[in-house]
Amino acid sequence: MQQNKEMRMGTEPIGKLMISMAVPSIVAQIINILYNIVDRIYIGHIKGVGMEALTGVGVTFPIITLISAFSAFAGAGGAPLAAIWLGKGDRKRAEKILGNGVTMLLFFTVVLMGFFYAFEKPLLYLFGASDATIPYAVDYISIYLLGTVFVELALGLNAFIISQGHSRTAMIAVLLGAAVNIILDPIFIFVFQMGVKGAARATVVSQALSALWTVGFLVSRRSSLTIKLEAMKPDFRVIGSVMALGISPFIMRATESLVSVVLNSGLQRYGGDIYVGSVTIMQSVMQMYAAPLGGFTQGVQPIISYNFGAGNFDRVKKLYRSMIGGCFFFAAGATILIMIFPEFFAGMFTNDSALIALVGKMMPIFMCGMLVFGLQQGIQPTFLALGQAKFSFFIAVFRKVVLLVPLALILPLKFGVMGIYYAEPISDTLSAVVATILFLLNIKKITSMETLQKIK
């Protein structure tokens, strides 16, 4: 039965298959983003301190993002490789990749917790906290860090479930945690009057449930790839392959942390807490629309990887064309909607009229580059699905490290606080153009038997 579930990725009609794989992943991504979004919505409406509390939680975003980035090292790096080897018919190799992925996630947990607890307060000030917002930032992140192992396992291993064709099971893992988080948030924050600490506690409990569901499935007979102790023994050749492919999604997420630091510290320097709060809201809105895109690509990626591994190159071409086109049109449509109604989206996170007015003015500027950025959001996961680490890595680094961070540092020297808002659309547009050119020049060679045989 499990083999039939995998084989359908190479035989079932593409449209039907994409829907069956992508819809559960889209739902899962939307639900997953609710962890942080719901926290911010409730926190932003805490009576009397909502803006300061929301801004304080916002400056913890670089830490939260970096934790999830390390889960991508093992999950987003290992799952496509596992799918490729399933397509080649080597289940033992695929399980070795899964086992070493678990070992990597547990190692990352220990390192991350030790580092962030040791340097918690200095880092939060570096990330844009002020004396008014630091208490809320410390209250939230000190508790959140206790659940690091749950974040790593839930996010990192979920991709391995999807790689087998079990999108619905992966969705349930996320749905379970998010539903509990939505229920517990108002109870802990308002009923028990825990404030920001209550939001963090609700998040840890919900992530623990997601992790238990995910691990439980991967050690059961329902999973065609199972976690085995012998497969968890570090194999540095396997780890090297996983990290080579995982470095791109890791950089994508880790540089989100770097971007947040640069934006928040710059906004604090040139504007103040209200400007930091505005970007907290705008980044939250960007996450809301990016979640369906992430789910769509996460659902389609294993189909591309499986067919690439099986040498079905015509099928691969149809799949990546559909994925890139879908990403472009959805991103453009969602961006237009956000640019037209910025105050509506700001009102979801705060009652502060000054903050809503600021977001209403800045959101159309900050978001306009996303009109074309859907191209990159489809191209990068295509490179990942085809095992092309170097291209995916370059695209990730180019947008944020080469463009966004320097622009966010240089433009304010001439334009003041507005320069920070200009940096985002400029980098989004330029990186989408470069990604598209890179893709068109290389895709024909990549989808060949010669390239497939080089993947180890």
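This is a predicted model: local features need pLDDT of at least 70, side-chain atom pairs count only at pLDDT 80 or more; totals for chains, interfaces and linings use all residues.
Student: Why are H7 and H10 called roughly parallel to each other?

Tutor: Helix H7 (residues 134-144) and helix H10 (residues 196-218) pack at an angle of about 20°. Angles under 35 degrees count as roughly parallel, and H7 and H10 are therefore described in that way. Their axes lie 8 Å apart, and the crossing is right-handed.

Student: Which residues of H7 make the contact with H10?

Tutor: On H7 they are Tyr136, Asp139, Tyr140, Ile143 and Tyr144. The H10 side includes Val196, Ala200, Val204 and Gln207. By class, this contact has eight nonpolar, two polar and three charged residues.

Student: What makes H16 roughly antiparallel to H17?

Tutor: The angle between helix H16 (residues 370-385) and helix H17 (residues 389-415) is about 150°, with the axes 8 Å apart. Angles over 145 degrees count as roughly antiparallel, so H16 is roughly antiparallel to H17. Residues of H16 including Phe373, Ile379 and Phe383 meet Phe391, Ser392, Ile395, Ala396 and Arg399 of H17. The classes in this contact are eight nonpolar, three polar and one charged.

Student: How do you know that the reach of H9 is close to the expected one?

Tutor: Helix H9 (residues 167-191) has 25 residues and spans 36 Å from its first C-alpha to its last, which is close to the 36 Å expected at 1.5 Å a residue.

Student: Where in H9 does a kink lie?

Tutor: A kink of about 30° lies at Leu184, shortly before the proline Pro186. After H9 comes Gln193, with a positive phi near 55°.

Methods:
Residues are numbered from 1 along each chain as its sequence is written. Side-chain values use heavy atoms; hydrogens and water are left out. Axes are lines fitted to C-alpha atoms, for helices over the stretch in contact, and angles run from 0 to 180 degrees between N-to-C directions. Helices (H or I, at least four residues) and strands (E, at least two) are DSSP runs, numbered from the N terminus. Angles under 35 degrees count as roughly parallel, over 145 as roughly antiparallel, 65 to 115 as roughly perpendicular and the rest as oblique. A crossing is left-handed if the near helix is turned anticlockwise from the far one by less than a right angle, and right-handed if clockwise. Contact means heavy atoms within 4.5 Å. Ala, Val, Leu, Ile, Met, Phe, Trp, Tyr, Cys and Pro count as nonpolar, Asp, Glu, Lys and Arg as charged, and the others, Gly among them, as polar. The expected span of a helix is 1.5 Å times one less than its number of residues. The bend at a residue is the angle between axes fitted to the seven residues ending there and the seven starting there.
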